[in-house]
Amino acid sequence: MSAQDAGQPLPVDMKKLLLENMTRENGSVKQPLPKRSIFYQICLSSYWFGLSVITASFGSVIWPSQVLSIVGNSSKDFYMGLLACLTSLVLFVLSPFVGMISDHWKGSLGRRRPFMIVGTVITAVFFMASSFHTTGSSFWVLLGTSVAWMFGVVLSNAPFVALMPDVISEEQRGTASSILAFTVVLGGLSGALCTGALSYNNYYIPAYAFNTIVIVAFLLPTVIFVREEPLHEEHPKLQWQELAASFVLRGTQYHDLWRVTHGRFWFDMAVCGIIPYLQYYFVDVLLFPPGGPAERLASYVMATVVAGCIPSSLIGGYLSDSRGFSRKYLLLISCVCMVICFATNCVFIFIKPYTATIFVLSFFFGFGYGLYLAVDWAFAVDTLPGHKVGKEMNIFFSFGIILPQVVAPAFSGFMLSVLKHTLQFSMARTYLVLFAVQGSFIIFSALAIVPIRSTNVAATVDLKSSAASSPLPL
């Protein structure tokens with residue numbers, strides 16, 4: 001009697017062999033994915049370069065400045081948190097559904113690319129609608145147009161999340177994840193520097209126009225050069241009555257995926273809770289005048305963070321793929337580096353804050369951040385059972401990456417408001433508490449992934465169902 005017939009788990013080498021030959025589309029057996037060139041992987045990551053440009057642009061420069069110009073200095077913390085929270089909520093709620101719909105999409109362009117094209121067009125249109133909001137405008141109109149272009153981002157990004165496991169083999173996951181991380185940090189550098197230079201005197205049309213051009217231009221290499229295999233006719237139709245229930249990932253095969261997701265959640269809670277308030281830190285603690293000087297300094301800090309990301313994002317995937325370094329331990333090293341940065345900054349705020357200190361710590365913070373990004377995506381893909389990649393990766397994406405974008409800015413904004421106005425803390429003491437709390441989130445992130453025993457924890461594969469080529473259920 002075979003191990004599978006006896007209900008016992010398959011040996012690790014057998015599971016690896018099976019998973020390498022399982023299709024991501026419908027559970028049938030096919031040839032392993034071909035080895036992809038570096039050019040192919042760069043084209044695959046091109047879209048996320050553009051998305052990273054707009055993420056850095058809006059999170060650290062455009063939105064904080066627009067909110068400050070519209071609602072004024074006294075209310076900026078609350079409304080900045082509200083804007084970031086509600087727009088990210090759109091991503092959180094809709095991403096798994098759009099990803100799952102793309103799993104079942106039939107068309108000559110494949111499953112993912114049609115959504116990416118339509119979503120980017122919607123994003124570009126509402127970018128320009130948002131560009132006119134400045135002093136004297138309504139915050140709620142800005143919120144409405146921002147939610148609209150974020151819906152376009154959902155349509156394009158949710159299917160893209162599943163594209164890498166669709167087209168990249170297990171042996172190249174670390175390299176592909178590293179290239180993806182490098183394009184993310186390079187996009188962040190470009191967005192922070194260029195948008196900081198284009199935003200001045202509360203006039204935002206050039207900054208929005210720049211972001212519109214970027215998101216469209218860098219979509220093109222992905223949709224042109226990354227070809228997909230169209231969905232086979234025998235793939236089961238999407239059952240709408242089962243859609244909501246299917247997002248509950250049950251079974252022991254998902255335990256490590258949830259641990260990775262939990263770790264990424266706390267990691268991004270720390271990052272997303274700080275970035276929107278960097279500009280306000282320069283105004284409140286370092287006493288730079290609001291507007292141009294604070295905007296430029298915030299963009300320079302983001303650029304320094306990204307500069308620190310570049311070397312670690314390049315070497316992280318290479319170490320995990322070619323040198324056998326455990327991805328889990330690389331993530332833990334990243335967390336240690338970032339906790340040290342948070343703790344050091346708290347000490348300097350307590351003694352005497354310096355602008356130069358922020359830039360030095362930002363570089364080392366970026367080094368840890370880049371190392372985390374370089375292997376985290378591959379680490380998550382390693383834990384997938386491989387049943388429904390669009391659904392599974394978008395649950396990781398929504399709960400691990402998007403949910404903290406919903407919660408963290410609102411949490412930080414509420415905390416700042418309470419510390420400043422209710423408890424009457426000094427500005428330095430207020431931001432000391434903020435940085436200390438974010439550092440504790442990084443510790444929670446490290447603790448979440450410690451129980452994971454391996455970087456390849458794929459679930460047991462049903463030999464009979466794969467041999468029969470029967471599609472797996474939702």
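Predicted model: local features only at pLDDT ≥ 70, side-chain atom pairs only at ≥ 80, totals over all residues.
Ile117 has a relative accessible area of 33%, so it counts as partly exposed.

In soluble globular proteins, nonpolar side chains tend to be buried together. In this model, the largest nonpolar core holds 118 residues, and Trp48 and Trp377 have the most contacts inside it. Trp48 touches Trp377 itself, and beyond four places in sequence its contacts also include Asn157, Phe160, Val161, Leu180, Val184 and Phe397.

The protein as a whole has 17 helices and zero strands. Of its 474 residues, 58% are buried. Among contacts with a separation of 6 or more, 85% join residues 24 or more positions apart.

The mean pLDDT is 78, and 80% of the residues reach 70 or more. Helix H16 (residues 427-449) has the highest mean pLDDT among the elements, at 94, while helix H17 (residues 463-467) has the lowest, at 27. Over residues 455-474 pLDDT stays under 50, and the model gives this stretch 53 contacts beyond four places in sequence. Residues 1-29 also stay under 50, with 56 contacts beyond four places in sequence.

Key
Residues numbered from 1 in each chain as written. Heavy atoms only, no water. Buried < 20%, exposed > 50% of the residue type's maximum accessible area, 1.4 Å probe, protein only. pLDDT = per-residue confidence, 0-100. Helix = DSSP H or I, 4+ residues; strand = E, 2+ residues; numbered from the N terminus. Contact = heavy atoms within 4.5 Å. Core = buried A, V, L, I, M, F, W, Y, C linked by side-chain atoms within 4.5 Å.
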